[in-house]
Amino acid sequence: MKELLEGSMIVAKAVKLCRPGVISAYPITPQTHIVEELAQMVADGHLDSQFVNVESEHSAASVVLGSEATGVRSYTATSSQGLLLMAEVIFNIAGMRLPIVLTDANRAVSAPINIWNDQQDTISLRDAGWIQLYAEDNQEALDFHILAYRLAEDKNIMLPVMVCMDGFILTHGIETVDMPTQEQVDKYLPPYKALYKLDVDNPQTLGPLADPDYYMEARYAIHETQKKALALIPKLTAEFAKVFGRTYNGLVEGYQIKDAERVIVAMGSVCGTIKDVIDELRKKGKKVGLLKITSFRPFPAQEIYEALKNVPKVAVLDRSVSLGSFAPLAAEIKASFFGKAKKPKMISSFVVGLGGRDITKDSIKEIYSALTKKEKACEFIDLKPELLKENYE
Amino acid sequence: MFGPLVSKPGSSRKNKTGSWRVEARPVFLHKNCIGCKMCISVCPEGCILGTEKNKLEVDLAFCKGCGMCAVICPKKDIEMVKEESTDKSKE
């Protein structure tokens, strides 16, 4: 059924449809509306879950780690500083192979304190072992939560999934979405059956110490499983299409890319703006396109290679930066072409929209036109030079 | 794929701890041993095996090299030897 709702409400409804047994979260802008709505559903008796109120994100993550370890489907959501406070537990959740789903309302990281959108928070935790899916719009955000539980709980995967959605732009944006029925979701997502769990009748230790004789294999197993997830995601999205009637690739999505001479690579809500710009430029006969990365972890290097190998000029947009190095997505896109015979002549890298600075259609056009010039490495777009003249001598 | 993930009861026998040993390992000289078994009683890993004097041995797959056995031995019949030692007489 079509519903017109705020992004956070859409996510809350999607989570409800997934029937989590335990929800624990600490409110933080711009994630608050999601967990507020879920708490309301539980309080009103519309959702049969235990909502555990906690004093911090570190505790929220620890609660869902514990509940998931007892074999109960669990959910949490956070943003920015909250995700960073969870960081220690985030690594543990993946290391203990607990298929939790977490929504991150992508927000900039302090300092300076900033509540607006960029993707520095989740990008900073890219190495934690979690699967990371980035949503372009609220329909994707909705669908990715259902997909995320199915993927996470697959007995060959058993890894947590982070559904990353741009703070405010998606969480507070009001959109019409096709809300699935409970029957559809139940058909796609069977009840969770843990392969291992904390159980007094069958005692075992989860997350024990692994000395140098054991540790490396545990980490290698996660790395290999991430690669397995690459193969599984398209299968699960194909099944998703049969039940819900919406088709996703799940790894990457090309838009007007077949004959494109200039392609932008990006993640998240900015892809919508880029598609609009492409439609405008195509009318003027410009051969431009977009490659949207949906799955950042696992990183679909082969799919990216196939999509871009014949494109002469590529621009990579990052809403985050590895300070002192390169932009994270750009570095990995470039790495995908290392040692390959076919590759773009130019891969320029742009850092855009940090801390909620709007990425306008003009910014996107500027990037397309920059592709006719020299290759750029980690070029910051829309900087204000006058603000860089501050002096404290 | 899963690596080592879950420990079940009884796993202290299965999970080897010998890699904790970094500096020295105990060598049982088997010269003056009186079979008092003080070494067995103080070993935190419980990895000293045997019943008769001059026949006690350490299981290096579990020994963490703490040296308690060498300290407690009233006959100084246990010696801590550097891990990298190649002295064949002390093996």
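Tutor: Six strands of chain A make an open sheet, ordered β10-β12-β11-β14-β15-β16, and their pairing is mixed. The model is a predicted one. At the edges lie β10 (252-255) and β16 (379-380) of chain A, each of which pairs on one side only.

β10(A) pairs with strand β12 (residues 288-293) of chain A in the antiparallel sense, over four bridges. One bridge can be named: A:Val252 has A:Ile293 of β12(A) as its partner.

Two helices belong in this picture. Helix α10 (residues 301-308) of chain A lies across β10, β11 (262-266), β12 and β14 (313-318) of chain A. α10(A) runs at about 15 degrees to β10(A). Helix α11 (residues 328-336) of chain A also packs on the sheet. α11(A) touches β11, β12, β14 and β15 (346-351) of chain A. Its direction makes about 145 degrees with that of β14(A).

Now the seven-stranded sheet. This one is open as well, with the order β3-β2-β4-β5-β7-β6-β13 (chain A) and mixed pairing. Its edge strands are β3 (50-53) and β13 (295-297) of chain A, and each pairs on one side only. From one strand to the next, the twist averages 20 degrees.

Look inside that order. Strand β4 (residues 74-78) of chain A runs parallel to strand β5 (residues 101-106) of chain A, and four bridges join them. Here A:Tyr75 stands opposite A:Val101 of β5(A).

Helices pack here too. Helix α2 (residues 32-43) of chain A touches β2 (22-25), β3, β4 and β5 of chain A. The direction of α2(A) makes about 125 degrees with that of β3(A). Helix α3 (residues 57-69) of chain A packs on the sheet through β2, β3 and β4 of chain A. The direction of α3(A) makes about 165 degrees with that of β4(A).

Next, a pair of helices. The axes of helix α1 (residues 7-17) and helix α6 (residues 138-152), both of chain A, come within 9 Å and cross at roughly 20 degrees. That angle makes α1(A) roughly parallel to α6(A). The crossing is right-handed. α1(A) contributes A:Gly7, A:Ile10, A:Val11, A:Ala14, A:Val15 and A:Leu17 to the contact. From α6(A) come A:Asn138, A:Ala141, A:Leu142, A:His145 and A:Ile146. By class, this contact of α1(A) with α6(A) has eight nonpolar, three polar and no charged residues.

Last, chain B. Its secondary structure comes to three helices and five strands, in the sequence pattern β-α-β-α-β-β-α-β. The C-alpha trace of chain B spans about 50 × 30 × 20 Å along its principal axes. Chain B has 91 residues, of which 18% count as buried. Among the contacts in chain B with a separation of 6 or more, 69% join residues 24 or more positions apart.

The two chains meet. Their contact takes 18 residues from chain A and 13 residues from chain B. The side of chain B that touches chain A has seven nonpolar, four polar and two charged residues.

Notes. Residues numbered from 1 in each chain as written. Chains lettered and ligands numbered in written order. Predicted model: local features only at pLDDT ≥ 70, side-chain atom pairs only at ≥ 80, totals over all residues. Axes fitted to C-alpha atoms, helices over the stretch in contact; angles between N-to-C directions. Parallel < 35°, antiparallel > 145°, perpendicular 65-115°, else oblique. Left-handed = near helix turned anticlockwise from the far one by under 90°. Contact = placed C-beta atoms within 7 Å. Nonpolar A, V, L, I, M, F, W, Y, C, P; charged D, E, K, R; others polar. Pairing = 2+ DSSP bridges. Buried ≥ 20, exposed ≤ 12 C-beta atoms within 10 Å, placed from the backbone.
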